[in-house]
Amino acid sequence: MIKKETIIKLAEEKLSEGMFLVDVSVSSTNVINVYVDSMDGITIDECIQISRNIEGNLDREVEDFELHVSSAGLEKPFKVFQQYLKNIGKEVAVVLKKGEPLKGILKEATEKGIIIETSKLEKVEGKKKKEKVAQSHFFSFEEIKTTKTIISFK
């Protein structure tokens with residue numbers, strides 16, 4: 001069986017500045033999935049370079065394999081800290097381990113956790129109409145089950 005550590009090493013050899021490895025998986029049938037990202041997004045050419053480096057350093061005569069190299073994907077949950085940094089200022093959906101979902105703007109990400117700004121309409125004293133009130137919430141990474149980018153077509 002092909003070792004995950006081998007794939008990580010080969011993928012990292014071709015990561016250019018600003019790129020980072022999000023996830024690597026190797027199944028028992030040698031189906032290899034490599035997910036990469038960068039602060040500016042990933043091109044097909046960059047995926048091809050990583051794929052060629054991995055494929056060129058593995059011997060199909062010794063072990064057959066299936067290889068997929070792609071971007072992390074917008075619909076997938078965040079797996080690494082760099083994804084939080086990349087998405088500062090964007091709307092995200094956070095599900096806490098307690099089970100409660102939360103949507104808001106990712107305002108900050110540190111090694112300790114994240115700050116999400118939510119807003120809701122509330123009755124403000126002295127006003128007839130409800131007004132949008134923003135609240136900031138801090139969550140440590142231990143409290144978070146998943147975080148995903150919310151895709152909007154505005």
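**Exercise 1. Is T118 buried or exposed, and what is its relative accessible area?**

Step 1. T118 is buried, because its relative accessible area is 11%, and buried means under 20% (exposed is over 50%, partly exposed in between, with a 1.4 Å probe and protein chains only).

Step 2. A word on the source: this is a predicted model, in which local features need pLDDT of at least 70 and side-chain atom pairs count only at pLDDT 80 or more, while totals for chains, interfaces and linings use all residues. Residues are numbered from 1 along each chain as its sequence is written, and side-chain values use heavy atoms, leaving out hydrogens and water.

Step 3. Now find T118 in strand β6, residues 113–123. Helices (H or I, at least four residues) and strands (E, at least two) are DSSP runs, numbered from the N terminus.

Step 4. Look around T118: leaving aside residues up to four places away in sequence, T118 touches L102, K103, G104, V133, A134, Q135 and H137. Contact here means heavy atoms within 4.5 Å.

Step 5. With H137, the side chain of T118 also makes a polar contact of 2.8 Å. Such a contact is a pair of N or O atoms within 3.5 Å; within protein, one must be able to donate a hydrogen and the other to accept it, and residues adjacent in sequence count only if both atoms are side-chain atoms.

**Exercise 2. In which order do the strands of the five-stranded sheet stand?**

Step 1. The order is β7-β6-β5-β4-β8, in an open sheet with antiparallel pairing. Two strands pair if DSSP finds at least two bridges between them.

Step 2. Check the edges: β7 (130–140) and β8 (144–149) each have a single partner strand, so one side of each lacks a neighbour in the sheet.

Step 3. From one strand to the next, the twist averages 40°. Axes are lines fitted to C-alpha atoms, for helices over the stretch in contact, and angles run from 0 to 180 degrees between N-to-C directions.

Step 4. Zoom in on one pair: five bridges join β4 (residues 91–96) to β8 in the antiparallel sense. Opposite A93 you will find K148 in β8.

**Exercise 3. Which strands form the open sheet with mixed pairing, and which helices pack on it?**

Step 1. Three strands form this sheet, in the order β1-β2-β3. At its edges are β1 (19–26) and β3 (66–71), each with a single partner strand, so one side of each has no neighbour in the sheet.

Step 2. Strand β2 (residues 31–38) runs parallel to β3, and six bridges join the two.

Step 3. Helix α1 (residues 4–13) lies across β1 and β2, at about 155° to β1. Helix α2 (residues 44–56) touches β1, β2 and β3, and its direction makes about 150° with that of β3.

Step 4. Finish in the loop between β1 and β2, where N30 lies. N30 is not a glycine, yet its phi is positive, about 65°. N30 is also buried, with a relative accessible area of 7%.

**Exercise 4. How many helices and strands does the chain have?**

Step 1. Count three helices and eight strands.

Step 2. Along the sequence they follow the pattern α-β-β-α-β-α-β-β-β-β-β.
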